[in-house]
Amino acid sequence: MIQSLTTDLLSAVNHYLSERLGLYFNEMRYSDLERGLNNAAQELGYANAEHCINEILEGALNKQDLQTVVRNLTVGETYFFRDQAVFIAMEEKIIPELLKRKRKSGNKALRIWSAGCSTGEEPYSIAISLSRTIPDIDSWQIHLIATDINTRSLEKAHNASYGSWSFRTMPSEFFHQYFQPSAEGQHKLNDNLRKYVKLSYLNLAEDEYPTSKSGTSEMDIVFCRNVLIYFTQQRGKQIADKLADCLAPGGSFITSASDSSRFITQPPKGLQRVGSTIFVKSNAEK
Ligand SMILES: C[S@@+](CC[C@H](N)C(=O)[O-])C[C@H]1O[C@@H](n2cnc3c(N)ncnc32)[C@H](O)[C@@H]1O
C-alpha cells in the first residue's frame with residue numbers, strides 16, 4: 001500500500017538526495033518522489049516508506065540499496081525518434097556536414113554521446129540515423145556511447161527488445177527494416193546496429209567528464225534530452241556547461257524543449273544556438 005508522506009519528510013529526503021546524488025524533485029514532482037520512495041521501500045523489504053526514508057537520511061543504506069532507490073526515482077519515459085525534428089536535422093544537416101568536415105581532414109571517426117539514455121531508444125535511434133546517412137559506414141570508426149544512472153534501464157537497453165509503446169512515433173518502414181520479432185509482442189533491434197552503441201553507468205551529477213577514460217572528450221555530438229528536469233536549475237546549468245566542454249570544435253549539443261526552455265535560457269559556455277534545441281561549438285578550423 002502506498003504510504004502518504006508529509007511534505008517535511010519529502011523535503012528532507014529531497015534535500016539529501018540532491019546533495020548526495022544530484023537528484024532533485026521540484027514540488028510539482030513530489031507525487032513522483034513519493035511514489036518512487038514507496039516502490040523502493042517495498043523492493044527493499046521495509047515495512048513502510050517512512051522507515052526507508054529514515055534509513056536513507058541516516059546514511060544507513062549501502063551502495064546497492066541506494067541504487068535501488070535511484071532506480072525507482074528515475075523511471076525515464078522515452079521512445080524511438082522522440083522529437084522527429086531533431087532526427088530530421090541530424091540526417092539532413094548535422095551528420096552530412098560532420099562527414100564533410102571529417103572527410104576533408106582525413107579523420108573517419110565519429111564520436112557521439114547519448115547522456116541519460118534511459119532504456120536505449122535514443123542511442124539506437126541515433127544508430128539508425130547514422131546507418132541511413134552514411135553509405136560507407138563500415139569504413140568509419142563509430143564511437144557511440146550511451147550512459148545513464150539507472151542500472152535497470154541500462155539492462156533493458158542491453159537487450160534492445162521493445163514493445164509497441166516504444167515505437168509509437170517511429171516511421172513504420174523502419175520497423176520492418178531494422179527490427180526482428182523477439183519475445184511475445186516485442187521487437188529486437190538488429191545486431192548490426194546494436195553493435196554501435198556502448199552502454200555504461202554514468203551519474204551526470206557526480207562523475208567526471210569530459211575524460212578520455214569515460215570516452216566523453218572531443219565529442220562531435222552530445223545528446224542530453226529530457227534529463228535536466230531531474231536537477232535544480234543551478235545544477236542543470238552546470239551540467240549543460242560540463243557537457244558543452246565535452247564537445248570538439250564544431251560539435252553539436254542537442255537538448256529537448258523542456259531542457260532548453262527551463263535550464264538553458266543562455267547557451268552553454270562557448271556554444272551558439274542554431275535551433276530551438278540545438279547548440280553548436282564554433283569551429284576554429286572553418
Ligand atoms: C526521461 S528519460 C530521457 C531519455 C532520453 N534522453 C529521451 O529524451 O527520450 C531521463 C533519463 O535521465 C536519467 N537520469 C536522471 N538523473 C541522472 C543522472 N544524475 N545521471 C545520469 N542520468 C540520469 C534517468 O535515469 C532517465 O533514464
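This is a predicted model: local features need pLDDT of at least 70, side-chain atom pairs count only at pLDDT 80 or more; totals for chains, interfaces and linings use all residues.
Local features require pLDDT of at least 70 and side-chain atom pairs pLDDT 80 or more, while totals for chains, interfaces and linings use all residues. Residues are numbered from 1 along each chain as its sequence is written, and side-chain values use heavy atoms, without hydrogens or water.

The side chain of R82 places an N or O atom 2.8 Å from a ligand oxygen. Taken alone, the ligand exposes 600 Å², of which the protein buries 99%. Accessible areas follow the Shrake-Rupley method with a 1.4 Å probe.

The ligand sits in the second largest pocket. A pocket is an open set of points on a 1 Å grid over the protein atoms alone, with protein on both sides within 12 Å along at least five of seven lines. A molecule sits in a pocket if more than half of its atoms lie within 2 Å of the grid points.

Strands (E, at least two residues) and helices (H or I, at least four) are DSSP runs numbered from the N terminus. Two strands pair if DSSP finds at least two bridges between them. An open antiparallel sheet has the order β3-β5-β4. Its edge strands, β3 (161–162) and β4 (179–181), each pair on one side only. Three bridges join β4 to β5 (residues 187–189). Among the residues involved, Q180 has K188 in β5 as its bridge partner.

Strand β10 (residues 278–281) pairs antiparallel with β8 (residues 247–254) through three bridges. Here I254 stands opposite I278. Three bridges also join β10 to β9 (residues 271–273), again antiparallel. Q272 is bridged to V280. β9 and β10 form a hairpin with four residues between them.

Two loops hold backbone exceptions. Most residues other than glycine have a negative phi, and most peptide bonds are trans. F81 has a positive phi, near 55°. This residue lies in the loop between α4 (63–73) and α5 (84–105). Y209 and P210 are joined by a cis peptide bond, with omega about -5°. P210 is found in the loop between β6 (197–201) and β7 (219–223).

Notes
A polar contact is a pair of N or O atoms within 3.5 Å; within protein, one must be able to donate a hydrogen and the other to accept it, and residues adjacent in sequence count only if both atoms are side-chain atoms. On a 1 Å grid over the protein atoms alone, a cavity is a set of points where a 1.4 Å probe fits but cannot get out, and a pocket is an open set with protein on both sides within 12 Å along at least five of seven lines; lining residues have an atom within 4 Å of a point.
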